[in-house]
Amino acid sequence: MSPVSLPRLSRRALPGGFPGLTAGRPAPPPAGIVHLGLGNFHRAHQAVYTDAALTAEPGPWGIIGVASRSAAVVEALRAQELLYTVVQIAPEGYDFRVPDVHSDAFVAADEPDRLLDALAAPATRIVTLTITERGYTYAPSTGALDIENDDVRSDLTGLTPPRTVIGQLSRGLQRRARSDGAPVTVLSCDNLAENGRHTERLVRQFAGALPTAEADELTAYLDSAVRFPSSMVDRIVPATTDVYRATIAEHLGYADAVPVPAEPFSMWVLEDDFAAGRPAWEAGGAIFSDEVTAYEELKLRLLNGTHSLLAYLGALAGAATIPEAVGADFIEQAARRVLRQEYLPSLSVPRDVDVEAYEAQLFTRWRNTGLGHRTSQVGSDGSTKLRQRIPEPARQLLATGSMPHHLALTVAAYLTCMAPLDGFDPGPHARAMQDPLRPELAALAATSGDGIDLARHAIADRHLLGGELASAEAFIARTGEFVDILHRSGPRAAAGEAAGDA
Ligand code: CS2
């Protein structure tokens with residue numbers, strides 16, 4: 001039967017006999033959470049934990065899901081009673097789950113005032129974010145709010161509805177301060193170091209750039225009533241493809257336009273610092289810990305940092321997916337080296353983590369072929385992702401007199417994918433990577449005679465990796481050498497050089 005003739009996903013269309021298909025609440029839960037960023041990650045992570053929490057302990061924790069610009073997911077969810085299927089993909093097969101936690105969904109760009117009202121509503125107790133690294137409109141060069149950004153500037157004038165998330169959040173909190181002023185928690189669920197502190201800093205910078213009276217009013221409200229806990233989030237969630245729509249049609253007998261594929265593994269570690277209560281997320285396995293920074297760094301460096309190396313080196317070697325990349329012996333070796341020798345020394349490992357088991361589990365997760373996690377997906381937005389992954393471990397090794405060869409190789413592979421020199425073709429997977437900095441890097445490549453020139457322009461002049469590495473001459477030169485080797489002799493030779501086998 002073709003999916004077109006199947007009933008659309010709804011509470012009535014759910015088949016019996018699948019224990020994970022929980023959608024059984026008589027009515028949507030009352031909303032207490034406004035979530036910004038209705039993408040796949042939120043729907044396979046926070047929504048699943050919230051579903052478990054609501055099953056264990058009913059409460060006012062329904063989620064109003066807000067997409068930033070795209071109406072596709074919102075329209076599909078509305079046509080499906082706000083339901084969708086999480087397709088959990090293990091090497092042994094599929095498992096399905098239908099979280100039932102959204103109480104509403106809309107598009108911020110279409111209804112900006114509704115968003116500000118939702119943020120200000122007394123019923124809202126938590127605002128959660130999955131807006132990706134680039135959604136925070138911070139300048140990678142300084143880590144501060146990017147006041148050169150046109151949208152940020154326009155949001156600061158207040159003449160038009162806010163377009164950036166930091167602008168929306170700040171304006172929503174301003175409206176809240178002016179209405180009942182009830183306490184609220186802003187919870188970042190993105191891959192940024194100290195993501196709570198980072199978000200708070202950006203909102204405070206926004207507040208501080210407003211006219212004095214407004215700045216004082218918002219800052220006083222932030223001081224007295226708003227908390228910004230940090231959290232470490234982890235689940236590999238690839239993009240949706242028709243394969244999953246067909247799989248659901250075949251196994252479950254309904255049509256779901258917006259299913260979310262995900263690996264079986266999931267982890268969430270949070271600071272327990274909420275201004276107005278929270279769901280019992282521990283019922284879904286979330287961990288409340290006083291070591292969140294250590295967990296964030298562990299994950300950002302060992303998983304995400306190594307992931308970047310797999311993506312860029314893999315793409316240059318012709319690998320469409322992460323499992324294909326890690327399946328190449330020289331890429332696996334480079335990944336193990338960067339992880340153990342260059343990322344691990346910069347970490348203080350959380351008390352309950354056995355780092356060898358963690359590494360073994362990472363490689364198993366990356367080898368999950370069923371996921372089809374694309375190198376072009378992980379390689380996208382490197383200009384904001386690498387900023388979170390590379391500088392601090394690189395700086396620490398350089399300070400002890402060691403050269404982090406594989407970190408330099410990661411940056412070189414990124415530059416080669418984004419800004420190839422002299423008509424070099426980095427291949428289809430590199431070309432498919434999206435990055436707001438691509439045009440600027442391509443322009444730098446056009447005026448660079450060789451890899452060292454390009455690395456200097458990008459890292460020293462453009463501060464691609466922030467201020468500190470901008471003057472790390474030896475690191476920049478090593479990155480430039482790898483750019484040249486990648487162009488001349490390819491990824492295997494570059495990995496051999498990084499390992500000292502050359
Ligand atoms: C990846 C992450 O795309 C990327 O940069 O490293 O999305 C990664 O899959 C998740 O953080 C896993 O939790």
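Helix H10 (292-316) and helix H15 (382-389) each contribute at least two residues to the shell around the ligand, where helices (H or I, at least four residues) and strands (E, at least two) are DSSP runs numbered from the N terminus. The largest share comes from H10, with 3 residues. This is a predicted model, in which local features need pLDDT of at least 70, side-chain atom pairs count only at pLDDT 80 or more, and totals for chains, interfaces and linings use all residues. Residues are numbered from 1 along each chain as its sequence is written, and side-chain values use heavy atoms, with hydrogens and water left out.

The shell consists of Asn-191, Asp-234, Arg-235, Ile-236, Lys-299, Asn-304, His-307, His-373, Val-378, Lys-385 and Arg-389; a residue is near a molecule or strand if one of its heavy atoms lies within 4 Å of it. By class, 2 of these residues are nonpolar, 4 polar and 5 charged. Here Ala, Val, Leu, Ile, Met, Phe, Trp, Tyr, Cys and Pro count as nonpolar, Asp, Glu, Lys and Arg as charged, and the others, Gly among them, as polar. The ligand lies between domain 1 (3-288) and domain 2 (292-501), because both give residues to the shell; the domain bounds come from an automatic or database domain assignment.

| Residue | Protein atom | Distance to a ligand oxygen atom |
|---|---|---|
| Arg-235 | polar backbone atom | 2.9 Å |
| Lys-385 | polar side-chain atom | 2.9 Å |
| Arg-389 | polar side-chain atom | 2.9 Å |

On its own the ligand has 340 Å² of accessible area, of which the protein covers 89%. Accessible areas come from the Shrake-Rupley method with a 1.4 Å probe; for residues, only the protein chains shown count as cover.

An open sheet of 6 strands runs in the order E5-E2-E1-E6-E7-E8 with parallel pairing, two strands being paired if DSSP finds at least two bridges between them. Strand E5 (102-107) and strand E8 (226-227) are at the edges with a single partner strand each, so one side of each has no neighbour in the sheet. Strand E1 (residues 31-36) pairs with strand E2 (residues 62-67) in the parallel sense over 5 bridges, and His-35 has Gly-65 in E2 as its bridge partner.

An open sheet of 3 strands has mixed pairing and the order E4-E3-E10. Its edge strands are E4 (93-97) and E10 (260-262). Strand E3 (residues 86-90) pairs with E10 in the parallel sense over 3 bridges.

Definitions and conventions:
Polar contact = N/O pair within 3.5 Å; in protein donor to acceptor, adjacent residues only side chain to side chain.
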